[in-house]
Amino acid sequence: MLIKCLLILSILIQTVATVYALRLVRTTKYNSVWILFIVGFSLLSVERLVQLLIATGQYVPRWWFAYLGIVISICLSIGVMYAHKLFKYIDRLNRQRTLLNKRILTAVLRTEEKARSRFSKELHDGLGPLLSSAKMSLTALSRDEHSAEQREIIENTTYVIDEAIRSLREISNNLSPHVLNDFGLARGVQHFIDRSVAMHDVKIRFTTNLRSERYDSDIEVILYRVICELINNSLKHAACKSINLSLSQNGPELSLDYSDDGRGFNPQAMMDCGMGLSNISSRINSLGGTFDISSSKGKGMRAAIRINTAQESAPKPRRRRRR
């Protein structure tokens, strides 16, 4: 009696499973693997029904029972074989999707840098000469005799134009750093650090074994932007007193190690809220690199970036731009 009850229970369970599997056929877009598994489950239910008939004393030809087992085995075996191919196909699709996302992100970053460079050139070559001409006109005007009030107006106007020219150069350089384009990553980073130290009360220690090495433009621009983002975050939000930055080439690997003694934060929370850290991570991923960050409240933060330059392109010399 117990065997009959168990057989009835197994028939019910397999029948329910088969019904749910049939409801998912359209979702799977009538995939042959899924259909083979449905046929296998259905035949298993039939096999349990045959066993129940045998248990109740009904006559069932043994050859029929044997053929049923063979058909079930064939369906499930072929289903497993096709499932293996399906998993490989899904894995290949995931790799292609990852590669496509990387190419899209790289194209976006390149377009962004081209726009920055164009805006920088238009500001430098368009507005710069106009301000210089205005200053020259004021300088010529100041040679004539004027009252004290007029001289003060001319001096104030000249000062304002000088500040405008200085701000224009700074904006142009931030949009497209000329030192980076002309002299490479190490000099570009050092130039940015010098300007940051001049404007903030902070000590930045920068060590590197790079000299005049040049890399693919994507590597140089993205690493430069990442370093600027890290330093700006430390200056604006961490209230730190010192920053340590190390940039080194070890074989084919370009390593960046960064740390500050600021107030610290929760890295996962910052990643989830879509702030600068997620942007940094996306930029590094576009180069096929790794970005690891650790921080806790009151203990500052540390970041480590590793990029295999051999995967992008070998270091190559560049011609300096003529100004």
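Lys 135 is partly exposed, at 30% relative accessibility (buried means under 20% relative accessible area, exposed over 50%, partly exposed in between, with a 1.4 Å probe and protein chains only). Lys 135 forms a salt bridge with Asp 162 (a side-chain nitrogen of Lys or Arg within 4 Å of a carboxyl oxygen of Asp or Glu). The model is predicted: local features need pLDDT of at least 70, side-chain atom pairs count only at pLDDT 80 or more, and totals for chains, interfaces and linings use all residues. Residues are numbered from 1 along each chain as its sequence is written, and side-chain values use heavy atoms, leaving out hydrogens and water.

- The closest N and O atoms of Asp 162 and Lys 135 are 2.9 Å apart.
- Asp 162 lies in helix α4 (residues 148-175) and Lys 135 in helix α3, so this pair ties together parts 27 residues apart in sequence.
- Helices are DSSP runs of H or I with at least four residues, numbered from the N terminus.
- Asp 162 is also partly exposed, at 29% relative accessibility.

**Within helix α3**
- Arg 95 and Asp 91 form a salt bridge, 2.3 Å from N to O.
- Both residues of the Arg 95 and Asp 91 pair sit in helix α3 (residues 62-142), four residues apart, about one turn of the helix.
- Asp 91 is partly exposed, at 40% relative accessibility.

**A buried pair**
- Glu 220 and Arg 214 meet in a salt bridge, 2.9 Å from N to O.
- Glu 220 is buried at 1% relative accessibility.
- Arg 214 is buried too, with a relative accessible area of 8%.

**Overall count**
- The whole structure holds four salt bridges.

Technical notes:
Helix = DSSP H or I, 4+ residues; strand = E, 2+ residues; numbered from the N terminus.
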